[in-house]
Amino acid sequence: MLRTISLGLVLLAIPALISAAEAKRYTKNVAILLYNGIEVLDFAGPAEVFQSAARFGAKGEEQAFHLYTVSRGKAPIVSQGFIRVTPDYSIEDSPKPDILILPGGGSEEVTDDAAWMQWIKTSGRDAEHVLTVCTGAFIAARAGLLDGLDATTWYNAIPALTREFPNIRVLPGRRFVDNGKMITTAGVSAGIDGSLHLVARLLGRYVADRTAEYMEYKWAPESYLSAKYAQLNPQLDARGRAKQQASIAVREGNSEAAVAIFRSLLAEDRNDGEAWLNLGRALHDLEQYAEAIAAHQEAAKAPPQRARALYNIACEYALSGDRDKAIDAVAQAIEGGYRTRSSYENDSDFATIRDDPRFQALVAKL
């Protein structure tokens, strides 16, 4: 069964370029700076956090974040002497970032380049948030983005940052320092903590916790900060928060409560394909397969949910023991766009039809 309660497990395509006119768009552009000598985890840690949170914090079909990498040019950069990474954009054609991430490493390549620093000054000034990791604080400092603020960096670079930038209050022993717009973190893995903190600020504690759980990261947010996190995503309206509450109910093993929430939402709007899809999943968990099929048939009328709904219908027919309808539903799901072979091969819901030659023939063509 493809699990799609509220958040889903399928990454949806986000346009590479987003119009500046969409100032109130839900999806935030997250630009990660790349340069030769950059620390792997400095950029990979935040990337993992924001890409995971993008789907856990999705609003319907809109991902919470659109990640991309930016460098001076488009030639591959080398991280820590052995990992080659090809940037998505150069500073000449990069989309405007809402969140700018400045990782650490051999940052002199950036700070010694006037054009690069001008791009960072402008992008940092216009961004909603700037997150530095490790010695990425030196890039922000040279761009004037930390003037008069508290900041931190990698423990071994604390003396240099203090000496070179006396107008910055450098704080040793801090995992990260949040000034509102500007967030600086200590070394390497601390970028994960700072990123989870920003996710919690923007999307609520539930999304940040789901992200850390998925990453199997032992996140211990600071109490004086976490006490101020909203539990549910503050960027969602009442309907969106109700859907999030339903997903929490499912995780708690209370699918009955989720069913009640989704039925209430559908009483207000029967054209909500996402609500139909998630109602079907909750009914599936309760082993009410006939009702789950009916809900997923309604979900299949909405193009964004069609492929997943058809796949789920196939699962439910298989679990109900109706082999012929299950095979037909598999064919429809494949034709409808759900073509992930490993799902058909490994999903335990198909155990009763996996030995059927018709099922095997359909999967073999994927």
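Colleague: Arginine 55 lies over the face of which tyrosine, and at what distance from the ring centre?
Modeller: Tyrosine 214, at 4.5 Å from the ring centre. For a charge to sit over a ring, NZ of Lys or CZ of Arg has to be within 6 Å of the ring centre and within 35 degrees of the ring normal. Before we go on, residues are numbered from 1 along each chain as its sequence is written, and side-chain values use heavy atoms, with hydrogens and water left out. This is a predicted model, where local features need pLDDT of at least 70 and side-chain atom pairs count only at pLDDT 80 or more, while totals for chains, interfaces and linings use all residues.

Colleague: Which phenylalanine has arginine 55 over its face?
Modeller: Phenylalanine 56, with arginine 55 at 5.0 Å from the ring centre.

Colleague: Phenylalanine 56 again, then. Which residues does threonine 211 touch?
Modeller: Phe56 is one of them, along with Val49, Ser52, Ala53 and Leu196, not counting residues up to four places away in sequence. Contact means heavy atoms within 4.5 Å. Threonine 211 lies in helix 7, residues 205-215.

Colleague: Is threonine 211 buried or exposed?
Modeller: Buried, at 0% relative accessibility. The cut-offs are under 20% relative accessible area for buried and over 50% for exposed, with partly exposed in between, using a 1.4 Å probe and protein chains only.

Colleague: Back up a bit. What does the secondary structure of the protein chain come to?
Modeller: 16 helices and 11 strands. Those are DSSP runs numbered from the N terminus: helices are H or I with at least four residues, strands are E with at least two. The C-alpha atoms fill a box of roughly 75 × 45 × 40 Å along the principal axes. Of the 366 residues, 54% are buried.

Colleague: Among contacts between residues at least 6 apart in sequence, how many join residues at least 24 apart?
Modeller: 63% of them.

Colleague: Aromatics next. How many aromatic pairs does the structure hold?
Modeller: 12. Rings of Phe, Tyr and Trp (its six-membered ring) pair if their centres lie within 6.5 Å; planes under 30 degrees apart are stacked, over 60 edge-to-face, and the rest tilted. Tyrosine 68 and tyrosine 89 make an edge-to-face pair, 5.3 Å centre to centre with 85 degrees between the planes.

Colleague: Which parts does that pair tie together?
Modeller: Tyrosine 68 is in strand 2 (residues 65-71) and tyrosine 89 in strand 5 (residues 89-90), so the pair links parts that are 21 residues apart in sequence. Both tyrosine 68 and tyrosine 89 are buried.

Colleague: And what does tryptophan 154 form with tyrosine 155?
Modeller: An edge-to-face aromatic pair, 5.3 Å centre to centre and 65 degrees between the planes. Tryptophan 154 is partly exposed at 30% relative accessible area, while tyrosine 155 is exposed at 63%.

Colleague: Which residues form an aromatic cluster?
Modeller: Tyr311, Tyr338, Tyr344, Phe350 and Phe359 form one.

Colleague: Which residues make the contact?
Modeller: Helix 14 gives Arg323, Asp324, Ile327, Val330, Ala331 and Ile334, and helix 16 gives Arg358, Phe359 and Leu362.

Colleague: What about arginine 323, which residues does it touch?
Modeller: Thr352, Ile353, Asp355, Asp356 and Arg358, leaving out residues up to four places away in sequence. Arginine 323 is partly exposed, at 32% relative accessibility.

Colleague: Last one. Where does aspartate 193 lie?
Modeller: In helix 6, residues 190-203. Aspartate 193 is buried at 7% relative accessibility. Beyond its neighbours within four places in sequence, aspartate 193 is in contact with Arg175, Phe176, Tyr217 and Trp219.
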